[in-house]
Amino acid sequence: MQPQKQFKVLLIGETCDDEYVYGDVERISPEAPVPVLKYDRTEIHKGMSANVRANLESFGVFVNHITNKKPIIKRRLVDKGSNQQLMRVDIESEIDSLKPSEVKSAFVHMQYDAVVISDYDKGYLNSHDMKVFCDNFKGPIFIDTKKTELFSYPNVYYKINQREYDNLIVKPNIENLIVTLGEMGVAYMGNIYPTDKVNVFDVVGAGDTFLAALTYAMLKYGDVPTAIVVANKASAIAVQHYGCYTLSDEEAENL
């Protein structure tokens, strides 16, 4: 049997450290009506576009990842007994914008099957950058973005959630838009693709898992509805775990 081709993907987008500070809540502070968290441990995971990368690699995809150098930290305070998140503290310095020389170098040294853009709209990527990719790369481009004015290209697939869709000022063509609806499934071209009914523990990073699975399945099968079904199943696995979850090699293979 001929071995399956290893897909090569260029991934561009912001990365953060997802910090989970766990402790026990046993009393209310005498200083203010807030819980006191008795510290136990801290767990740190790479999130945002780094989570997309990890899940792409679970599918055996080679990933060239271009991302920010200055740190972004999302620190969550969690009561370990209930797994209830008490607060999130975001620590962000000013993010340097994407350097065109980095992208040029990436394309000079390798040919890609797809480009994936994981855009959290923190200043790393602007709309002009994304249009340049679409003008110069003829393969499929998968974009997860929080920007509100989206453009249309025949080779572009946007993956956004319901809230991001509701906030759009300029919408792309219907064939370019895949909208995740949480437990209701996914909307594409007027159809709803239901997701598996599972116990949801945490939705953090589920969109990243969906994006990675969507990309891989599109490259493998070349069909959007089939890719959505695979991505739905992947994100259903992710939400059953706490924090950013990377699919295991076995889970990815089973999908």
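How do the axes of H5 and H6 cross, and within what distance do they come? They come within 7 Å and cross at roughly 145°; axes here are lines fitted to C-alpha atoms, for helices over the stretch in contact, with angles running from 0 to 180 degrees between N-to-C directions. This is a predicted model, in which local features need pLDDT of at least 70, side-chain atom pairs count only at pLDDT 80 or more, and totals for chains, interfaces and linings use all residues. Residues are numbered from 1 along each chain as its sequence is written, and side-chain values use heavy atoms, with hydrogens and water left out. Helices (H or I, at least four residues) and strands (E, at least two) are DSSP runs, numbered from the N terminus.

- H6 is largely enclosed by the rest of the structure, because 11 of its 15 residues are buried. Buried means under 20% relative accessible area, exposed means over 50%, and partly exposed is in between (1.4 Å probe, protein chains only).
- Among the buried residues of H6 are Val224, Ala227, Ile228, Asn232 and Ile237.
- Which strands and helices do the buried residues of H6 pack against? They pack against strands S9 (156-161), S10 (177-180), S11 (186-188) and S12 (191-193), and against helices H5 (206-221) and H7 (249-254). Contact means heavy atoms within 4.5 Å.

**Where H5 meets H6**

- H5 passes H6 in a right-handed crossing. A crossing is right-handed if the near helix is turned clockwise from the far one by less than a right angle, and left-handed if anticlockwise.
- On the H5 side, the residues that meet H6 include Phe210, Leu214, Met218 and Tyr221. Their partners in H6 include Val224, Ile228, Ala231 and Ser235.
- By class, this contact of H5 with H6 has 14 nonpolar, four polar and no charged residues. Here Ala, Val, Leu, Ile, Met, Phe, Trp, Tyr, Cys and Pro count as nonpolar, Asp, Glu, Lys and Arg as charged, and the others, Gly among them, as polar.

**Helix H1 and its contact with H5**

- Seven of the 10 residues of H1 are buried, so H1 is largely enclosed by the rest of the structure. These buried residues are Ser49, Ala50, Asn51, Val52, Asn55, Leu56 and Ser58.
- The axes of H1 (residues 49-58) and H5 come within 8 Å and cross at roughly 40°.
- H1 and H5 are therefore oblique to each other. Angles under 35 degrees count as roughly parallel, over 145 as roughly antiparallel, 65 to 115 as roughly perpendicular and the rest as oblique.
- H1 also passes H5 in a right-handed crossing.
- Asn51, Val52, Asn55 and Leu56 of H1 meet Asp208, Thr209, Leu211, Ala212 and Thr215 of H5. The residues of this contact divide into four nonpolar, four polar and one charged.
- After H1 comes Gly60, with a positive phi near 85°.

- Cys134 is found in helix H3 (residues 127-136), and at 3% relative accessibility Cys134 counts as buried.
- Leaving out residues up to four places away in sequence, Cys134 touches Ile141, Phe151, Tyr153, Asn155 and Val156.
- Asp135 also lies in helix H3. Is Asp135 buried or partly exposed? At 42% relative accessibility, Asp135 counts as partly exposed.

**Arg76 in strand S5**

- Arg76 is found in strand S5 (residues 72-79) and is buried, with a relative accessible area of 3%.
- Apart from neighbours within four places in sequence, Arg76 is in contact with Asp18, Glu19, Tyr20, Val21, Gln85, Met87, Arg88 and Val204.
- Arg76 and Glu253 are 177 residues apart in sequence, and their C-alpha atoms are 32 Å apart in space.

**Positive phi without glycine**

- Met48 is not a glycine, yet has a positive phi of about 60°. Met48 has its place in strand S3 (residues 35-48) and counts as buried at 2% relative accessibility.
- Asp121 is not a glycine either, and has a positive phi of about 55°. Asp121 is found in the loop between strand S7 (114-119) and H3, and counts as partly exposed at 39% relative accessibility.
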